Amino acid sequence: MWTLKNILTGLADIVFPSRCVVCKTVLSIDKGMRICPECFSQISFVKSPICSCCGLPFISYEGTDHLCGECTSSKRFFSVARSVGKYETPLLDAIHQFKYSGKITVGETLGKLMSEFSYDSFSIERYSLIIPVPLHQRRLKERGFNQSVMLAREVAGRHSIPLDFRTLKRTIYTKPQTSLDRIQRGANVKGAFEVMDGERVKGKRVVLIDDVYTTGSTVKECARVLIRNGATEVAVLTLARAVQG
Ligand SMILES: [Zn+2]
Ligand SMILES: [Zn+2]
């Protein structure tokens with residue numbers, strides 16, 4: 001039946017058709033996941049064998065999951081980290097667009113990708129709280145939105161897990177991590193986060209959400225602070241994983 005809503009939606013589709021968030025091709029169907037089949041097929045999804053702890057994909061496609069060198073030798077405050085795909089084209093382009101354009105439709109698509117992906121040896125249902133990696137107030141003002149909150153919102157909604165983006169705060173304004181090496185990155189974020197109300201994380205199994213895992217310095221520091229404030233477990237989910245050569 002032709003209702004006014006139907007007609008308006010139809011008109012909107014003609015004037016503003018749904019497009020692939022990567023290549024901008026007009027999509028014939030829009031179920032909220034706005035990536036065309038061609039771009040989707042080009043995503044390097046993270047697959048076994050990976051590090052059973054930090055999720056690092058190993059270069060060889062053979063063998064089983066095992067600990068990487070770094071996870072064997074150093075202590076981590078998170079139990080497990082997993083990512084959807086490698087930080088390469090086309091996922092990299094979509095993330096850049098999302099971060100620098102702030103388009104909600106791009107965020108929804110990437111969040112859907114994150115919430116519907118089946119991660120190796122990891123089940124979101126086991127967790128009781130979703131926390132996005134916070135931005136400092138000043139960075140939030142510059143950018144206008146926190147990309148991790150938008151991703152976390154999709155994951156929390158899809159799995160019906162409470163979302164908390166107020167308790168973990170970034171209290172120190174740090175330099176962007178992109179210009180720093182591994183050691184500098186660790187030092188840069190040390191002491192940058194605080195839990196405002198310990199009761200809200202106490203006894204919780206937390207999934208910490210971020211867009212990209214590079215050296216893991218940021219999520220390691222967030223996990224340390226959450227565990228110190230009484231969280232039972234912290235797992236990390238990121239959309240993309242940077243794999244250094
Ligand atoms: Zn496309
Ligand atoms: Zn590892």
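How are the donor residues of the zinc ion (ligand 1) spaced in sequence? They follow the pattern C-x2-C-x12-C-x2-C. The structure is a predicted model, in which local features need pLDDT of at least 70, side-chain atom pairs count only at pLDDT 80 or more, and totals for chains, interfaces and linings use all residues. Residues are numbered from 1 along each chain as its sequence is written, chains are lettered from A and ligands numbered from 1 in the order in which they are written, and side-chain values use heavy atoms, without hydrogens and water.

The metal sites come next. C20, C23, C36 and C39 each give an SG atom to the zinc ion (ligand 1), at 2.3 Å. Donors here are N, O and S atoms within 2.8 Å of the metal (3.2 Å for Na, K and Ca); water is not among the atoms, so sites may look incomplete. The arrangement around this ion is tetrahedral because its four donor atoms subtend angles of 104 to 114°. Four donors count as tetrahedral if all angles lie between 85 and 135 degrees. The ideal angle for four tetrahedral donors is 109.5 degrees.

The zinc ion (ligand 2) is coordinated by the SG atoms of C51, C54, C68 and C71, at 2.3 Å. Its donor residues are spaced C-x2-C-x13-C-x2-C. Angles of 106 to 114° between the four donor atoms make this arrangement tetrahedral.

The protein is divided into domain 1 (1–42) and domain 2 (43–241), with bounds that come from an automatic or database domain assignment. The centres of the two domains, taken over C-alpha atoms, are 29 Å apart. Domain 1 brings 12 residues to the contact and domain 2 brings 13, where contact means heavy atoms within 4.5 Å.

How much area do domain 1 and domain 2 bury between them? The value is about 1,100 Å², with 65% of it on carbon and sulfur atoms. Buried area is the accessible area (1.4 Å probe) that two parts lose on being put together, summed over both. In domain 1, V21, M33 and Q42 lose the most area to domain 2, together 43% of what that side buries. Between the domains there are zero salt bridges (a side-chain nitrogen of Lys or Arg within 4 Å of a carboxyl oxygen of Asp or Glu).

Conventions:
Four donors count as tetrahedral if all angles lie between 85 and 135 degrees; four count as square planar and six as octahedral if opposite donors are over 155 degrees apart and all others between 65 and 115; anything else is irregular.
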